[in-house]
Amino acid sequence: MRTLAFFLLAATLSAQTPDNPGRQALTNQLDTLAAQQTAARREVIAQIHTKQQAIARQHEVRTRLITLLGGPWPEHSSLNPIITGTSEHEGIRIERILFYSQPNFPVTALLYLPQSTTKLPAILMAPGHSPAGKAGDAAFALAFAHRGFAVLSYDPIGQGERLQYPDPSNPNKTLLKGPTGEHGEAGLQPTLIGDAVARYFLIDAIRATDYLLTRPEIDPTRIGAFGCSGGGLMTALTASLDPRIAVAGVACFTTTYDTLLPSIGPQDSEQSTPNFISSGLDFPDWSELFAPKPYAIIATTEDMFPFAGAQSTEKESRTFYTLFNAQDNLAFITGPGHHGNLRPILPQILDFFTTHLHPFPSTNTVISTEAQRSGETPVLPASTPKKTTGPPPPVLPTADTQVTPTGQVSTSYPNAETVFTLNLKRAKQKILDTEKARTLPELQRTIREVTHAEAAPGIPSFLITPIDGDQVVQNIDPVKTKPFHKHPKPQPFNSPYAYSTSLFGMKYLQGFTLTAAELIPLREGKSPGVFLLEDQVPALKTLSWNGDSADPATQPTERRLAEAGNFVLAITPRPSPPGTEETKSPVLGTFYLTELRAELIGKTLLGLRIDDTLHAINYLADRPDVDPNNITAEASGHMALVLLHAAILDPRLKHITLHALPPTYTEYLHQPIPHDAPQDILPGVLLHYDTPDLIRALGPRVTISQ
């Protein structure tokens, strides 16, 4: 876990370095909006003074959560449980279980059963983001079992034996780098139909509880839930929406968004449900939803999930619990160390569950003797002791933790469903049940609802500033300046229309700046305007005219258009310049975490870029040397999708040319592994429109070039 924390911290610091100003400016803007939304939530919470108001708040938050996740859940199908093998470890019986949380969607799990003559309390254990999944929880599961608890530890989606994107050449390895890559990719397509991928994680957990209730050894009134890190989120989510959970312990996850976003930021798709913060929700809602039942906030002082946030959440939640006269049911278990360092406070964690679920066997054993011999620290996932040359031996041999014949569902049951295939089936029904926007006014309204774009044509909001004081105007021999013709005759390569070049910043009144360039014809009167939306505005020397011209087929687009007598404005929309971020998986590209950050607060990167485009067109149309009735635009790749949306909203764009347009949203939905898709993703877009709908609405105003 220390290694994971190091990489997360390094990635966060890289986004804040001086050579990453555009990304950091966008991050700051989004975090400022998030802070405004969390402040508004605190004002709401401050008005809750009675138990009745607290219950009403719980009902409201639970309803919002279900809506955000894409509920209600599917009807419970048959679990079809199978015990694929058993073993014994220090008096604990371990059963290897396979059950189906949805039809043909297997879940692999381990059930730890201590010896008992009475019904056992049970713990539903959700692993953290370890590739090992349930196997990485063995030390902790055994510690609970020796305290008299049955423990059901299961593989989350994308972990253990449930890889969603296995490498065909090595099915036990993922194509997506690790669990967070698996989760990120799996989350893209549900988002397109208004679902959150956490929905699938939650259904697994609910069905795992269903399985526990089928076992005669288990007391159905004494079921607890525990998890650390990513497992902490799953525990919090399950406890909030499954009333059968009687006691919950959430470790190394609880904080606040006010402290998380400026530090490590959002980290995974199932932890970052779209519109969560903008819906008035924050980390304290997880614990407050569970009131008055026993809930433990478990935190380490140097966790990458900020400890100050855990303290703030505990303070607010205790006030909330007090309204139920249940303040003693909220525990705050803290200890030293970094993320996942739970060994020093394991006795307190076990005592908390023992107190509230009342198991009968002896409570003397804390950690299994074999776990101690191996040097294994009971954290989630297991960490490596400091003085070793390699990973510690596993607490349990592979034979005792492997449920499927091959070690992977994908190869043992090749026809099994995945999140991808389940989402396709769900999308088919959801899209059929909704009415799409058809007319131009309907599309304009819907685009604003889906993208959250806010800018309006005709309202400038830029201050023009030089970049590093470098605003250059070329010295052009006026003799070479040609009169402009709407359809100029072909000129020799050595006699283009002369123009001046300027590299500058388009500074928003809110304080951030877009990189921009102007190529201005040196002639009197108004020129046609051409707007270029670019991933990166070229360097000044690339744009500048030097009195000669290359073959138009090989020269930069900006120069070719300027030498044809057009006023050319090129910008790089937010983040500008693009900068970098931590890469969860190369397949996800370099905008995944930025998009998660935006979606949490009810924004989208595409919508922000639409705003940048409309503001830039406002600037262009307002210039005295540009003909506002003759503005066209051009873009390629991801920027082409932005421009397509902007053209629906802005009739001043008389024509747009789009090169290498990304896949349609329906095509994204059907791609097994979309590449570099996060910057195009729009929550719920396919319930309203798709790219071809926009193209049809524009008619002759758009030209598509591949």
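Visitor: How many bridges join S3 to S5, and do the two strands run parallel or antiparallel?
Guide: In this predicted model, strand S3 covers residues 105–113 and strand S5 covers residues 150–154. One of the facing pairs is Ala109 opposite Tyr154 in S5. The number of bridges joining S3 to S5 is four, and the direction is antiparallel.

Visitor: Which way does S5 run relative to S4, parallel or antiparallel?
Guide: Strand S4 spans residues 120–126 and is joined to S5 by four bridges. Ile123 stands opposite Val151 in S5, and Met125 stands opposite Ser153. The two strands run parallel.

Visitor: Which residues of S5 point the other way from Ala150, Leu152 and Tyr154?
Guide: In a regular strand, side chains alternate between the two faces of the sheet. In S5, Ala150, Leu152 and Tyr154 point one way, and every residue of both groups is buried. Pointing the other way are Val151 and Ser153.

Visitor: Why is S5 described as largely enclosed by the rest of the structure?
Guide: A residue counts as buried when its relative accessible area is under 20%. S5 is largely enclosed because its buried residues number five of five.

Visitor: Which strands stand at the edges of the open sheet?
Guide: The sheet has nine strands with mixed pairing, in the order S1-S2-S3-S5-S4-S8-S9-S10-S11. A strand at the edge has a single partner, so one of its sides is left without a neighbour in the sheet. The edge strands are S1 (82–89) and S11 (330–335).

Visitor: What is the average twist from one strand to the next?
Guide: The value applies to the open sheet of nine strands. From one strand to the next, the twist averages 20 degrees.

Visitor: Which helix packs on the sheet and touches S2, S3, S4, S5 and S8?
Guide: Its direction makes about 125 degrees with that of S2, which covers residues 92–102. The helix spans residues 198–214 and is H6.

Visitor: Is Ser576 buried or exposed?
Guide: Ser576 is in the loop between strand S16 (567–572) and helix H19 (592–600). Beyond four places in sequence, the residues touching Ser576 are Gly22, Thr513, Leu514 and Thr515. Its relative accessible area is 6%, so Ser576 is buried.

Visitor: Which backbone atoms lie 2.7 Å from a polar atom of the Ser576 side chain?
Guide: One is a nitrogen, and that atom belongs to Thr515. The other is an oxygen, and that atom belongs to Thr572. The atoms are therefore the backbone nitrogen of Thr515 and the backbone oxygen of Thr572.

Visitor: Is the peptide bond from Arg574 to Pro575 cis or trans?
Guide: Most peptide bonds are trans. Pro575 lies in the loop between S16 and H19. Omega for the bond from Arg574 to Pro575 is near -10 degrees, and the bond is cis.

Visitor: What is omega for the cis peptide bond that joins Ala291 and Pro292?
Guide: Pro292 is in the loop between helix H9 (284–290) and strand S10 (295–300). For the cis bond between Ala291 and Pro292, omega is about 5 degrees.

Visitor: Is Cys252 buried or exposed?
Guide: Most residues other than glycine have a negative phi. Cys252 has a positive phi, near 50 degrees, and is found in the loop between strand S9 (247–251) and helix H8 (257–260). With a relative accessibility of 1%, Cys252 counts as buried.

Visitor: How far apart in space are Ile601 and Phe276, C-alpha to C-alpha?
Guide: Ile601 is in the loop between H19 and helix H20 (605–622), and at 3% relative accessibility Ile601 counts as buried. Its contacts beyond four places in sequence include Leu30, Ile277 and Ser278. Ile601 and Phe276 are 325 residues apart in sequence, and in space the distance is 6.7 Å.

Visitor: Which elements give two or more residues to the lining of the largest cavity?
Guide: The largest cavity has a volume of about 130 Å³ and is lined by 15 residues. Among those nearest its centre are Gly187, Thr191 and Glu599. The elements that give two or more residues to this lining are helix H5 (179–192) and H19.

Note on methods
Residues are numbered from 1 along each chain as its sequence is written. This is a predicted model: local features need pLDDT of at least 70, side-chain atom pairs count only at pLDDT 80 or more; totals for chains, interfaces and linings use all residues. Side-chain values use heavy atoms; hydrogens and water are left out. Two strands pair if DSSP finds at least two bridges between them. Axes are lines fitted to C-alpha atoms, for helices over the stretch in contact, and angles run from 0 to 180 degrees between N-to-C directions. Contact means heavy atoms within 4.5 Å. Buried means under 20% relative accessible area, exposed over 50%, partly exposed in between (1.4 Å probe, protein chains only). A polar contact is a pair of N or O atoms within 3.5 Å; within protein, one must be able to donate a hydrogen and the other to accept it, and residues adjacent in sequence count only if both atoms are side-chain atoms. On a 1 Å grid over the protein atoms alone, a cavity is a set of points where a 1.4 Å probe fits but cannot get out, and a pocket is an open set with protein on both sides within 12 Å along at least five of seven lines; lining residues have an atom within 4 Å of a point. Grid points are joined across faces, edges and corners, and a volume is the space filled by probe spheres set on the points.
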